[in-house]
Amino acid sequence: MSIEIRGVNKKFGDFVALEDVNVSIPTGQLTALLGPSGGGKSTLLRIIAGLETADSGSIVIEGTEATNLPAQKRNVGFVFQHYAVFKHMTVTKNVAFGLEIRKRPKAEVAARVDELLKLVHLSQFSHRLPSQLSGGQRQRMALARALAVEPTVLLLDEPFGALDAKVRKELRDWLRRLHDEVHVTTVFVTHDQEEAMEVSDEIVVINDGRVEQIGTPDQLYDEPANPFVMSFLGEVTTLGGHSLRPHDVEVAVEPDLGPDAYAGTVTRYLRVGFEVRLTVALEDGSEVLVVLTRTHARVLDLAEGSKVWLTPTPGATMVPAGSKTVLKQPVAAG
């Protein structure tokens with residue numbers, strides 16, 4: 001394992017930021033620390049980096065006991081949300097900074113900077129100041145600077161949080177491709193579920209200072225350990241006393257009197273691109289959110305006021321209301 005986190009606890013006064021956190025992060029993997037704001041993920045990242053000190057527990061990086069090592073001796077690259085670049089330095093000087101303070105030969109520094117600027121597609125902007133770059137370009141420069149010293153581990157704290165949605169999407173695609181090229185062990189903090197699921201090999205879900213679940217994006221989405229993980233990694237609705245995902249609700253327009261069918265009326269019909277989102281009022285007064293494709297909605301000829309019958313999709317992951325247990329709806333035979 002590249003990073004071993006064992007029994008880490010951290011308090012700020014009476015506030016418990018981390019409670020008995022145990023995580024193993026494999027070498028060469030891209031791991032997301034995902035959770036709500038204030039959940040403890042950034043605190044954990046800063047403890048790995050040596051920017052915060054744990055009250056108890058240990059941090060081992062590539063076999064080296066790092067718990068009491070200062071940040072500069074951990075061989076960790078750190079990228080902040082707001083870049084933390086040197087505004088008076090050119091792109092080249094920013095990327096070269098870490099190498100120059102390590103007294104590397106000038107020819108080696110120049111070659112490494114040139115290699116990295118090509119890698120992050122900034123060669124043509126090498127003589128510009130940070131203020132002359134877009135937000136996405138500044139973040140790519142910050143990543144190049146962090147990679148310049150060939151860190152054992154690359155840590156990213158909400159690296160795309162300050163950017164608009166389109167640039168954020170482009171950069172996370174780019175980060176995944178970059179990671180596949182350089183293979184440095186990478187840990188990044190995010191509260192964006194889509195970002196974590198799209199980019200990472202593994203996700204560590206953290207809430208109220210505790211690890212809720214660790215797994216691949218598919219494992220967490222399809223097999224959540226508890227209702228918090230289920231609700232945090234996607235939309236949830238309620239049908240027949242169970243929580244399930246809106247796309248796991250089947251819609252019929254012909255009466256179905258089976259035990260799992262619930263009659264209702266479409267009270268809201270909202271198209272969002274290729275999706276159609278329905279709000280269905282059931283006869284008991286509850287409301288169910290249903291998501292289906294535009295094509296399916298057209299085939300069913302749905303509109304506001306349509307009478308429908310809802311059932312859980314075979315194989316749907318469901319949580320009984322008020323329960324801490326996640327159930328799997330049996331898949332129908334045949």
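**Strands and helices**

Reply: Strand β5 (residues 64–65) is joined to β4 by two bridges, and the two run antiparallel. Strands here are DSSP runs of E with at least two residues, helices are runs of H or I with at least four residues, and both are numbered from the N terminus. Two strands pair if DSSP finds at least two bridges between them.

Me: Before we go on, what kind of model is this, and which pLDDT applies to local features?

Reply: This is a predicted model, where local features need pLDDT of at least 70, side-chain atom pairs count only at pLDDT 80 or more, and totals for chains, interfaces and linings use all residues. Residues are numbered from 1 along each chain as its sequence is written, and side-chain values use heavy atoms, with hydrogens and water left out.

Me: Thanks. Back to β5: which residue in it is the bridge partner of I61?

Reply: That's T64. β4 and β5 form a hairpin with two residues between them, and E62 in the turn has a positive phi of about 50°.

Me: And what joins β4 to β1?

Reply: Five bridges, with strand β1 (residues 3–12) and strand β4 (residues 56–61) running antiparallel. I61 turns up again here, as the bridge partner of I3.

Me: New topic: what's the strand order in the six-stranded open sheet?

Reply: The order is β6-β7-β8-β3-β9-β10, with mixed pairing. β6 (76–79) and β10 (210–215) are the edge strands, each pairing on one side only. On average, neighbouring strands of this sheet are turned by 15° against each other, direction ignored.

Me: Do β6 and β7 run parallel or antiparallel?

Reply: Parallel, with four bridges joining β6 to strand β7 (residues 153–157). G77 stands opposite L154 in β7.

Me: Which helix lies across those two?

Reply: α4 lies across β6 and β7, running at about 165° to β6. Axes are lines fitted to C-alpha atoms, for helices over the stretch in contact, and angles run from 0 to 180 degrees between N-to-C directions.

Me: How does α4 pack with α2?

Reply: Helix α2 (residues 91–101) and helix α4 (residues 135–148) pack at about 25°, with their axes 7 Å apart. That makes α2 roughly parallel to α4 (angles under 35 degrees count as roughly parallel, over 145 as roughly antiparallel, 65 to 115 as roughly perpendicular and the rest as oblique).

Me: Which residues make the contact?

Reply: V91, N94, V95 and L99 of α2, and M141, A144, R145 and A148 of α4. Contact means heavy atoms within 4.5 Å.
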